Amino acid sequence: MTHRFAIPAALLLVVLLACASLTIGVSDLDLTALLRGGGTDRQTLILFASRIPRTIALILSGASMAIAGLLLQMLARNRFVEPSTVGTIESASLGLLATLVFWPAAPVMVKMGIAALFALGGTTLFLRILSLIKWRDVLIVPLVGLMLSGVIESITDFFAYRFELLQALANWRTGDFSGVLRGRYELLWLSFAMALITYVAADRFTVAGLGESFATNLGLAYRRILALGLTIIAIVSAIVVVSVGMVPFLGLVVPNVVRMAVGDNMRRGLPYVALLGAGLVLVSDIAGRLIRFPYEIPIGTVMGVLGSVIFLYLLLKRTPANA
Amino acid sequence: MPDALAAPVPAPLRNPTIVIAVLAAVTGLLILGFMTIGARGDWSFILAFRGRKLFALLLVGYAVALSTVIFQTITQNRILTPAIMGFDALFVLLQSVLVFLFGGLAVLTFNAQAMFAIETLVMSAFAALIYGFLFFGARRSLHLVMLVGIVLGTLFRSLTDFLVRLIDPNEFATLQDMFYAGFNAVETDILGLCCIVLLTASLVAWRKFPVWDVLAIGRDSAVNLGVAYHREVLIALALVTLLVSTSTALVGPVTFFGLLVANLAYLITPSHKHIHIVPVAALIAAICLIGGQMLLERVFAFNTSLSIIIEFAGGIVFILLLLRGKAR
């Protein structure tokens with residue numbers, strides 16, 4: 001199915017979706033008129049302060065979340081996990097909550113850094129627990145992950161309840177791009193940079209995904225690569241939570257769909273994963289904007305429905321043969 | 001599986017009746033405390049007010065305990081519970097579907113009883129469909145069933161969110177609050193109805209105990225011993241649905257409570273007959289709920305929520321059960 005036009009076609013699709021995303025909103029925006037220089041000042045302002053930032057944020061976060069999902073699947077050696085189902089995202093929100101309680105005025109970089117540290121801790125804990133399981137069924141891994149996220153979530157709930165921050169917490173838990181404005185999304189470029197690093201180191205991650213002993217035999221500094229991978233996942237998760245909130249199942253669904261089409265080679269799959277991630281986020285966000293126009297349904301809710309349906313399909317599809 | 005008397009226990013605890021008696025005594029003391037501690041002012045008001053709340057907690061504890069034990073018997077394991085399989089979330093989803101179809105607040109305020117009846121009926125049908133597929137189809141691995149259940153739960157919750165936002169984007173938070181009952185805000189206006197439902201379900205359930213004791217041995221042995229397997233499992237599933245509807249309507253979804261209660265009951269009961277396990281589980285549930293609520297109200301001054309603590313403890317127990325391989 002890999003065709004040499006596949007990547008350009010996917011790219012074109014994402015560009016088209018991005019254009020659609022630019023024109024959809026409560027105030028009318030005629031792109032062609034604006035391009036011809038016919039727009040009013042107000043329209044230009046909306047385009048540059050709101051629509052373009054939102055669209056860029058969608059593309060960046062979609063691509064980097066999907067890649068973080070793929071990376072985690074390689075490192076955990078299981079294709080049914082992603083940062084929001086193993087406790088990474090939940091730990092990031094716990095960290096964010098901690099900064100809100102102890103240092104509410106902290107600069108956003110500091111908040112992001114602390115959230116990333118927590119996310120790193122949560123993911124490491126998950127991998128530790130996995131190493132304790134003797135009999136490793138494919139499906140026990142996501143189960144443990146989901147439960148661990150639940151436990152971390154309840155810790156976060158406990159403190160949020162005490163400090164009356166449940167409202168803030170609800171915002172991070174349901175991803176929403178409606179608040180994205182110029183000056184409030186730029187951190188996402190950093191998460192995109194993380195995605196690029198993943199691409200550069202892709203072959204190493206592929207080898208690391210074969211397991212510690214095998215990777216070490218091949219002469220790979222396994223621990224170092226693992227640490228690099230976990231750091232990338234933690235930073236991407238923290239940035240996404242800090243800037244737009246959690247978008248469930250994206251990192252799980254996208255790599256699986258791509259894997260069905262392209263196979264397991266990470267370096268070849270990565271561009272597709274990034275493009276499909278961006279495309280899926282764009283589609284969900286546009287759908288969320290249109291369904292109850294002029295109100296918006298947050299992308300976290302849309303993806304919650306869409307993502308769990310696809311996840312169910314992926315689970316049941318593999319049943320008869322290898323359950 | 002029935003591995004009664006596996007662990008060495010002190011002599012009096014080998015008698016299930018004594019275990020039940022001790023738990024009942026503790027429950028009685030807690031009830032006394034719950035009704036009287038910190039009471040000031042008009043007794044008739046206090047007793048009526050606290051009485052309703054206490055009654056609701058007892059009903060919920062009993063419903064959760066009974067439904068979980070039945071469910072674990074028919075699914076043959078100690079880790080699946082109706083709540084983990086998404087039953088609670090399904091109930092909440094149906095609630096919002098009804099509001100969506102028949103229009104906003106009118107339904108919510110108009111007739112709680114009629115609404116409860118419709119919800120339970122629709123839910124039974126749905127549950128039979130989904131879970132029949134999971135349990136009666138090709139033999140599926142337990143992990144798959146569990147995972148599908150958990151993801152279904154997420155799907156139901158997201159759909160509820162989705163519908164609530166469609167119903168009225170401005171009132172999202174308020175509506176959501178009304179949907180989710182909680183331990184601090186028990187729905188007391190359907191207490192009578194829930195009581196009747198529970199009594200009816202119990203009448204059927206308690207007669208079925210001997211049959212379920214046989215079911216617990218395993219599907220093949222049960223069929224060999226002359227149990228009409230499919231029919232019995234269907235009846236049991238229907239009962240579970242009724243019980244879950246009742247407890248969810250009263251206090252909202254609590255994912256792990258049943259898991260905790262049932263596993264504790266199996267741990268401390270020296271017999272694995274339903275006639276012993278169910279009362280023990282129900283009493284443990286009552287002790288947890290009443291004791292927990294007292295702690296929250298008197299010690300923590302409402303500064304946290306019982307369901308948060310249950311989720312925390314339950315999640316950890318679940319992971320431990322998974323790690324110990326009990327799930328197989």
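Chain B follows the pattern α-α-α-α-α-α-α-α-α-α-α-α-α when read along the sequence, with 13 helices and 0 strands. Helices (H or I, at least four residues) and strands (E, at least two) are DSSP runs numbered from the N terminus. The model is predicted: local features need pLDDT of at least 70, side-chain atom pairs count only at pLDDT 80 or more, and totals for chains, interfaces and linings use all residues. Residues are numbered from 1 along each chain as its sequence is written, and chains are lettered from A and ligands numbered from 1 in the order in which they are written.

The model scores ipTM 0.85 and pTM 0.84. For chain B the mean pLDDT (the predictor's confidence in each residue, from 0 to 100) is 80, and 82% of the residues reach 70 or more. Among the elements of chain B, the highest mean pLDDT, 90, belongs to helix α8 (residues 191-215), and the lowest, 57, to helix α4 (residues 104-110). Over residues 1-7 of chain B pLDDT stays under 50, and the model has 6 contacts beyond four places in sequence for this stretch. Where pLDDT is low, the predicted coordinates should not be read in detail.

Chain A contains 15 helices and 0 strands. The C-alpha trace of chain A spans about 65 × 55 × 40 Å along its principal axes. The radius of gyration of chain A is 20 Å, which agrees with the value near 20 Å for a compact globule of 323 residues; this radius is taken over C-alpha atoms, and the globule rule is 2.2 Å times the number of residues to the power 0.38.

Of the 323 residues in chain A, 50% are buried, while in chain B buried residues make up 42% of 328. A residue is buried if 20 or more other C-beta atoms lie within 10 Å of its own, exposed if 12 or fewer, and partly exposed in between, with C-beta atoms placed from the backbone. Two residues are in contact if their C-beta atoms, placed from the backbone, lie within 7 Å. Among contacts in chain A between residues at least 6 apart in sequence, 79% join residues at least 24 apart. In chain B, residues 24 or more positions apart account for 80% of the contacts with a separation of 6 or more.

The largest nonpolar core has 188 residues; such a core is a set of buried Ala, Val, Leu, Ile, Met, Phe, Trp, Tyr and Cys residues joined through C-beta atoms within 7 Å. The residues with the most contacts inside this core are A115(A), A238(A), A65(B), V261(B), A281(B) and A285(B). Not counting residues up to four places away in sequence, A65(B) touches V261(B), A262(B), V278(B), A281(B), A282(B) and A285(B).

Between the chains, 36 residues of chain A are in contact with 32 residues of chain B. On the side of chain A that touches chain B, at least two residues each are supplied by α5 (108-132), α6 (140-162), α14 (299-317) and α15 (319-322). The largest share, 15 residues, comes from α6(A). This side of chain A divides into 26 nonpolar, 6 polar and 4 charged residues, where Ala, Val, Leu, Ile, Met, Phe, Trp, Tyr, Cys and Pro count as nonpolar, Asp, Glu, Lys and Arg as charged, and the others, Gly among them, as polar.

In α6(A), 18 of the 23 residues are buried, so this helix is largely enclosed by the rest of the structure. The end C-alpha atoms of α6(A) are 33 Å apart, in agreement with the 33 Å that its 23 residues should span at 1.5 Å a residue; the expected span is 1.5 Å times one less than the number of residues. Helix α11 (residues 222-243) of chain A has 22 residues and reaches 32 Å from its first C-alpha to its last, close to the expected 32 Å.

Most residues other than glycine have a negative phi. E164(A) lies in the loop between α6 and α7 (166-173) of chain A and counts as exposed, with 8 C-beta neighbours inside 10 Å. R77(A), also not a glycine, has a positive phi of about 50 degrees. R77(A) is placed in the loop between α3 (41-75) and α4 (88-102) of chain A and counts as partly exposed, with 15 C-beta neighbours inside 10 Å. After α11(A) comes G245(A), with a positive phi near 95 degrees.

E119(B) is in helix α5 (residues 112-136) of chain B and is buried, with 21 other C-beta atoms within 10 Å. Leaving aside neighbours within four places in sequence, E119(B) is in contact with F91(B), L94(B), Q95(B), L98(B) and S245(B). E119(B) and F91(B) are 28 residues apart in sequence and 7.1 Å apart in space, C-alpha to C-alpha.
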